[in-house]
Amino acid sequence: MRHSYILLSAMLLAGLTLFAGCYSDDSNDNLSEPLRIEVSGIEPAYTVAPVGDRLKINPVVSPADRQYDCFWTVTPSTATWGEVPDTIARTEILDVPVNLDLGSYKLRFCAKDRQTGIFSYTEYNLNVTTDMNEGWWVLKSEGDSTDFDFFTDKKQKRDLILAANGHHLAGTAVNLAQTDSYWDFDEGSKTDKRCSAVFVASKNDLAAIDFFTGRIIRGFNDLFMDVPKREVRDLFTGPSDIHVYVDGHVYTLYNSKYSVYKQFVIKVLGDYDLSPWHHCAHSLPLLYNRSNDSFCSVSRTSSGIDYFPNASPSSNKTGMDLVFLGGMTTSTYTQGDVALAIMHDRKTGKHYLYTLNGQPYSMGSNPITGTAEMPNGLGLYTADYSALNQNSRIIYYSKSNRLYACNLDSWTETQQDVQPAAGETVTYMEYLKYAPYGMDSSWFDCLAVATSTADGYKLYLHPVKAGKVMPAERVLTGKGSVRRACFMSYGSYGTNMTTLF
C-alpha cells in the first residue's frame, strides 16, 4: 500500500510571513494554500532478485513546472523505530543494481521543492526474493545424514544444506521448525538484523539455516551457551519460541522482534521423558511426560516442566500411554484449535479418545474437554503411521503398507482405494492444511504419504473428498527417506506454513 506525506516546517511558515513583501504581484505562487506534491508512475510493489536484477523506476512528479531535489531510500519491513534508512540514489529516475539481502523492504521516493522547501515522500513495498520464497520443503535422511529437498511448480533443488554449506547434517532426520524472528550478524552494516530461519534437527546435529539460501547461520556448538551432547530427540515450537529436546533436556530459544537472542539459553530442569507425540498451534506446546503419565508444557517463563491443574478428568498421572495426538481446525484462521489424543489404559487394556484444547495460552485450566471409551480391536491401535484429518474426525493410518481410515464418530475402519505400489514402504504420513489469512484462493489441504524404495522416496500429495483418500495430484521424488514435509510461503507479513507438528 502506498502512503504519501507532506511536511511544512514552522521556519518556512515564518519565513513566508516575513518576506511576503518580496514576492511580486504577478507571482505564480498562491501563498494562501501549501504546495501539494503528487507522485505517479510507481507501482505499489516491486519484486526483484538479489543477483543480476536492476531496479528501474521512472516517476512522474507534479506540478511539473517546478524543480525538485529527489532521492530514494530503503528500510527493512521489520525495521524498528529509529532505524536509519539507506539512501540508494539521489536522482529522480531510479536505475540501480539490486544490492540488498533477501527479504521485504519499504522503498521510499522523496522529493523536495527547491523554491519552498516543501518535502514529500511516497512509500512502496519492495520484495527481494528467490524462487525459495514459496514451495515444498522435504526433510529427509540419506544414510546417516540429513538434508532437505525443495520443490516449486517449476523447479527442484536437491540437498540444499549440502549445496550451500558443503556438508549434510550428521545423523538421521528428526524435525524442522521455522521463525521470522531470528537474528543474524550483517557484515555490511556491522549490526544484528532479524531474518527468517529454518531450524533443522537431526539425531546428532542442529542448525539454524537461512530460509532463502540454505546457508547455515549458526551450527550446533554456537546455538548453546553450555553445549550438550549431540543426542537430539525432538524439535518443536511455542507461541514465540523454538524448543529442542537434546541430551535429555528441553532447551528454549526466545524469538523476539526487538531483542537479540541467538542461542537456546533456557534449560528445562527435572526428570522427564517426553513422548514423540506433541501438538503445536501458535500457543503453548501440548506435550506428554511418560515419566509420570501427565500432559504438560514448557515455556520461556519457566525453568521446569509445567503441569495443568488437577481436575476431572485429570490430565495428571493418568496411568495411560499416549498412542496418538493430532490437531483439528474447527474455525477458520484458528488452525489446530482442537487436539485429539488416543490413550491406552495399562491396567484395563482399554483405549480412550480424549478431546483437548489445542491452543492452551496458559496453564491455568484443564486442557481435557471430553473423553470417550473406544471399542476394542481397532487396527488403528497398532498403526505404523497415522494422521488426523484437520477438517473431520477421521484418522488415516498405514499398517503393513496398506492405507486405512478410521471414523471416530462411528468407529468404522475402511481400507482406502488408493494404496502404495508394490515394493514401496510407507515412512511418513501427515495431514497438511494451508489456510493463511487473506489468501483464500490459495488454500489447500491434503494427506501427505511418503514411501521409500531402494532408489529413494516418493511423496504423494493426496486430495481428500468426503473423507476418502483420492489419487495423488502430485508426486515429489528424491533420494533418501522422508521424515517431514511442509509447504511454506514467505511474504510481506511473514511466513505461512502447513504444519501442526
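The following legends describe an overall view and several close-up views of one predicted protein model.

The model is predicted, so local features need pLDDT of at least 70 and side-chain atom pairs count only at pLDDT 80 or more, while totals for chains, interfaces and linings use all residues. Residues are numbered from 1 along each chain as its sequence is written, and side-chain values use heavy atoms, with hydrogens and water left out.

**Figure 1. Overall view of the protein.** The protein contains two helices and 41 strands; these are DSSP runs (helices: H or I, at least four residues; strands: E, at least two), numbered from the N terminus. The C-alpha trace spans about 100 × 50 × 45 Å along its principal axes. Of the 501 residues, 49% count as buried, where buried means under 20% relative accessible area, exposed over 50% and partly exposed in between (1.4 Å probe, protein chains only).

**Figure 2. The aromatic pair of Phe-71 and Phe-119.** The structure holds 23 aromatic pairs. Rings of Phe, Tyr and Trp (its six-membered ring) pair if their centres lie within 6.5 Å; planes under 30 degrees apart count as stacked, over 60 as edge-to-face and the rest as tilted. The ring centres of Phe-71 and Phe-119 are 6.3 Å apart and their planes stand at 35 degrees, so this pair is tilted. Because Phe-71 belongs to strand S6 (residues 68-76) and Phe-119 to strand S10 (residues 119-128), the pair ties together parts that are 48 residues apart in sequence. Phe-71 has 23% relative accessibility and therefore counts as partly exposed.

**Figure 3. Phe-211 and Phe-212 in an aromatic cluster.** With ring centres 5.0 Å apart and planes at 70 degrees, Phe-211 and Phe-212 form a pair that is edge-to-face. Both residues are buried. One aromatic cluster comprises Phe-211 and Phe-212 together with Trp-137, Phe-148, Phe-150 and Tyr-490.

**Figure 4. The largest nonpolar core.** A nonpolar core is a set of buried Ala, Val, Leu, Ile, Met, Phe, Trp, Tyr and Cys residues joined through side-chain atoms within 4.5 Å. The largest has 25 residues, and those with the most contacts inside it are Ile-42, Leu-55, Ile-57, Trp-72, Phe-109 and Leu-126. Elements giving two or more residues to this core include strand S3 (45-48), strand S4 (54-57) and strand S9 (103-113).

**Figure 5. Surroundings of Leu-126.** Not counting residues up to four places away in sequence, Leu-126 touches residues including Tyr-46, Leu-55, Val-74 and Leu-107; contact means heavy atoms within 4.5 Å.
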